[in-house]
Amino acid sequence: MSTTTTTAPAPADTAPTTAARGRVWALARGELTLLARNKAALAYALVLPGLLTYSMKTAVKGVDLKGTGLDLGTMLLPGSIGMALVLAVYMNLVGVYVIRREDLVLKRLRAGELTDSEILSGAALPAVLLGLAQCVLLVAGVGVALDVSAPEAPYLAVVGIAVGVVQMVMLAAATAAFTKTSESAQLTPVPMMMISMVGSGLFVPLEVMPDQVASVCELLPLTPVVDLVRAGWTGDMSAVDVLGTLATALAWTVLAWWAVRKRFPWEPRR
C-alpha cells in the first residue's frame with residue numbers, strides 16, 4: 001500500500017505578508033548592488049561621520065559640561081550616531097528617491113505588484129543597513145578612543161536609533177517630494193543637516209544653551225533621537241521624559257508621512 005502526503009498550504013493571512021517581504025527584499029537587493037558600486041556614496045556615508053566626530057573633539061573640549069552630567073565621551077558618541085543617521089540614511093536616501101524618480105524607475109515599479117510603501121521601503125533598506133553598520137562602527141571606534149563606559153540603559157539607545165532610522169527615512173521621502181532634480185538633491189538635504197548639527201545637541205548639549213533657544217531646539221526632528229541615545233549611556237531620563245521625547249519624534253515622523261502621502265511625485269517633476 002502506498003501513501004501520499006500533502007503539504008498544508010500556508011495560512012491565508014501569512015501568504016500576502018511573505019510575498020510582500022519577498023518583493024521588498026528583491027528591490028532592496030538591486031539597490032544594495034547599486035550602492036556597493038557607488039564608492040563615493042559609501043565613503044561619504046561611512047567615513048564622514050567619523051571624520052566630523054574627530055574634528056569636533058577639540059571644539060567640544062572647550063564646552064563647559066559642568067552640571068550637565070556629561071563628559072567628552074557621552075557628548076561625542078551619541079552626536080556621532082545622530083550624524084551617521086543624517087548622512088548615511090537621510091542624505092543618501094534623498095538622492096536615491098529623486099534619481100530613481102527621474103529615471104522613471106519608481107513609475108515602472110508602481111505598474112507592477114509593488115505597493116507604494118513597498119517601493120519606498122525596498123529603496124530605503126540598503127541605506128538603513130548602511131546607517132546601522134555605521135552606528136556599530138562608531139560605538140566601537142569612538143567608545144574605545146574616548147574610553148566611554150558601557151551604557152546604563154542600552155534599551156534607550158536602541159529605541160533612539162530605531163526611531164531615528166524610521167524618522168530619517170520618512171523625512172528623506174518628504175524632502176525628495178519637494179526636490180525637483182537630481183542636481184538639487186545635493187542641496188535640499190543640507191538645511192536639515194546644518195540645523196541638526198547646530199541645534200539638536202549633536203556636539204553642543206542643549207543644557208548649555210540659553211533656555212529660550214534650548215526650548216526651540218528641543219522641538220527639532222533629530223533632538224529626541226540624540227536625547228534617547230545619550231540617555232542610553234547616562235541612564236538619567238525618566239519615564240515621563242521618554243514618553244515626551246518619543247511624542248516629539250512621532251510627531252515629526254507622522255508629519256513627514258503625511259507630506260509623502262499628499263505630495264510625493266512618482267514621475268519626473270516638470
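Me: Hi! Where is Trp257 in this structure?
Reply: Hello! In this predicted model, Trp257 sits in helix 10, which covers residues 239-263.

Me: Is Trp257 buried, exposed or partly exposed?
Reply: Trp257 counts as partly exposed because its relative accessible area is 42%, and that label covers values between 20% and 50%.

Me: And which residues form a nonpolar patch on the surface?
Reply: That patch is made of Leu250, Val254, Leu255, Trp257 and Trp258. Together they have about 530 Å² of accessible area.

Me: OK, now the inside. How many residues does the largest nonpolar core have?
Reply: It has 64 residues. Tyr90, Leu93, Tyr97, Met168 and Phe264 have the most contacts inside it. Several elements give two or more residues to this core, among them helix 2 (39-61), helix 5 (116-145) and helix 10. Helix 3 provides the largest share, with 17 residues.

Me: What does Phe264 touch, leaving out residues up to four places away in sequence?
Reply: Phe264 touches Tyr97, Leu106, Leu120, Ala173, Ala176, Ala177 and Ala259.

Me: Which residues are in the second, separate core?
Reply: That core has 6 residues, including Leu156, Leu228, Met237 and Val242.

Me: Changing topic: where is Ser200, and is it buried or exposed?
Reply: Ser200 lies in the loop between helix 7 and helix 8 (211-217). Ser200 counts as buried because its relative accessibility is 0%.

Me: Which side chain does the side chain of Ser200 make a polar contact with?
Reply: With the side chain of Thr223, at 3.2 Å. Not counting residues up to four places away in sequence, Ser200 also touches others, including Ile195, Leu206 and Val226.

Note on methods:
Residues numbered from 1 in each chain as written. Predicted model: local features only at pLDDT ≥ 70, side-chain atom pairs only at ≥ 80, totals over all residues. Heavy atoms only, no water. Patch = residues over 30% accessible without salt bridge, like charges linked within 9 Å, V, L, I, M, F, W, Y side chains within 5 Å. Areas by Shrake-Rupley, 256 points an atom, 1.4 Å probe, with all protein chains shown as cover. Salt bridge = Lys/Arg side-chain N within 4 Å of Asp/Glu carboxyl O. Helix = DSSP H or I, 4+ residues; strand = E, 2+ residues; numbered from the N terminus. Buried < 20%, exposed > 50% of the residue type's maximum accessible area, 1.4 Å probe, protein only. Core = buried A, V, L, I, M, F, W, Y, C linked by side-chain atoms within 4.5 Å. Contact = heavy atoms within 4.5 Å. Polar contact = N/O pair within 3.5 Å; in protein donor to acceptor, adjacent residues only side chain to side chain.
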